[in-house]
Amino acid sequence: MSAKRSYFICFTVRSGSSLLCQLLTDTGLAGRPQERFYHSISPDNPRGDPIADYHAYIAGALYSDSTANGIFGSKIGGGYWSDFARRLLDIGTLADLPLREALDRCFPDLRYIHLTRRNKARQAVSHWLAIQSGRWSSRQTVTNPAPQYDFAAIDTLLQELAFREAVWADYFADNGIIPLQLVYEDFVQQMDATILRILDFLDIQRPADFQVPAARHQPVGGELAEQWTQRFRQEKQAQFWTAFW
């Protein structure tokens with residue numbers, strides 16, 4: 001299907017993006033958002049084969065991930081936005097354009113949804129637990145059943161989150177973009193209302209009998225994640241002049 005309207009879910013890792021994409025896909029109205037633009041960004045993190053023609057790759061994603069009403073969606077992480085931008089601007093016809101104009105040339109009527117997580121400490125813990133366990137969603141199996149707590153690793157991931165969020169803050173501010181703001185903690189408590197809000201933001205008409213689909217992802221981490229969060233909270237604040245949280 002040819003796209004007439006596009007949107008990006010601009011997210012940071014462990015902020016509920018897989019759940020959000022599943023719900024939007026299952027509406028049958030909001031495209032089929034996937035992580036199409038995360039490629040090999042370092043020798044230690046290969047992902048997929050080299051892409052010879054990136055313009056054709058984007059066209060293929062627009063075709064395959066659009067629903068019958070012409071809506072295309074994709075999720076893009078702050079951790080590889082610069083890599084995606086570089087690949088996009090390497091396309092000959094786009095090379096001399098500002099990034100936003102190049103994006104608008106490729107993605108019709110492009111809109112932005114910014115998905116964040118309020119509690120960054122829990123987000124960093126969730127990230128480290130996923131790295132350790134190999135389980136990135138409830139629909140995956142655990143590859144390492146005995147993950148190990150590591151203060152330094154969680155602290156590094158917490159600092160990484162600040163930089164990944166800064167990517168979106170700078171891009172939106174530099175381009176005068178006001179995205180639809182979603183917060184993970186609110187989204188998981190109000191999933192139906194959040195999906196309806198997104199459909200309205202995208203100007204997507206829905207039938208009178210429309211119902212938000214059921215979630216097929218569940219929170220992961222549970223008690224272990226909360227134990228690690230409280231341990232990290234205590235150890236991190238031991239370096240402060242007083243405990244704030």
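These legends describe several close-up views of a predicted model. Local features need pLDDT of at least 70 and side-chain atom pairs count only at pLDDT 80 or more, while totals for chains, interfaces and linings use all residues. Residues are numbered from 1 along each chain as its sequence is written, and side-chain values use heavy atoms, with hydrogens and water left out.

**View 1. An open sheet of four strands has the order 2-1-3-4, with parallel pairing.** Strand 2 (71-77) and strand 4 (180-183) are the edge strands, each pairing on one side only. From one strand to the next, the twist averages 20 degrees. Strands (E, at least two residues) and helices (H or I, at least four) are DSSP runs, numbered from the N terminus. Two strands pair if DSSP finds at least two bridges between them.

**View 2. Strand 3 (residues 110-116) pairs with strand 4 in the parallel sense.** The pairing runs over four bridges. Histidine 114 has glutamine 181, in strand 4, as its bridge partner. Strands of a sheet pair through backbone hydrogen bonds, either parallel or antiparallel.

**View 3. Helix 6 (residues 151-174) lies across strand 1 (5-11), strand 2 and strand 3.** Helix 6 runs at about 145 degrees to strand 3. Axes are lines fitted to C-alpha atoms, for helices over the stretch in contact (heavy atoms within 4.5 Å). Angles run from 0 to 180 degrees between N-to-C directions.

**View 4. Glycine 31 is found in the loop between helix 1 (17-27) and helix 2 (54-64).** Glycine 31 counts as buried because its relative accessibility is 0%. Buried means under 20% relative accessible area, exposed over 50%, and partly exposed in between (1.4 Å probe, protein chains only). Not counting residues up to four places away in sequence, glycine 31 touches Leu24, Thr25, Asp65, Ser66, Thr67, Ile71 and Gly73. Tyrosine 80 is 49 residues from glycine 31 along the chain, and their C-alpha atoms are separated by 22 Å.

**View 5. Aspartate 109 lies in the loop between helix 4 (99-106) and strand 3.** Although aspartate 109 is not a glycine, it has a positive phi of about 45 degrees. Aspartate 109 counts as partly exposed because its relative accessibility is 38%.

**View 6. Aspartate 203 is in the loop between helix 8 (191-201) and helix 9 (222-237).** Phi of aspartate 203 is near 55 degrees, a positive value in a residue other than glycine. At 49% relative accessibility, aspartate 203 therefore counts as partly exposed.
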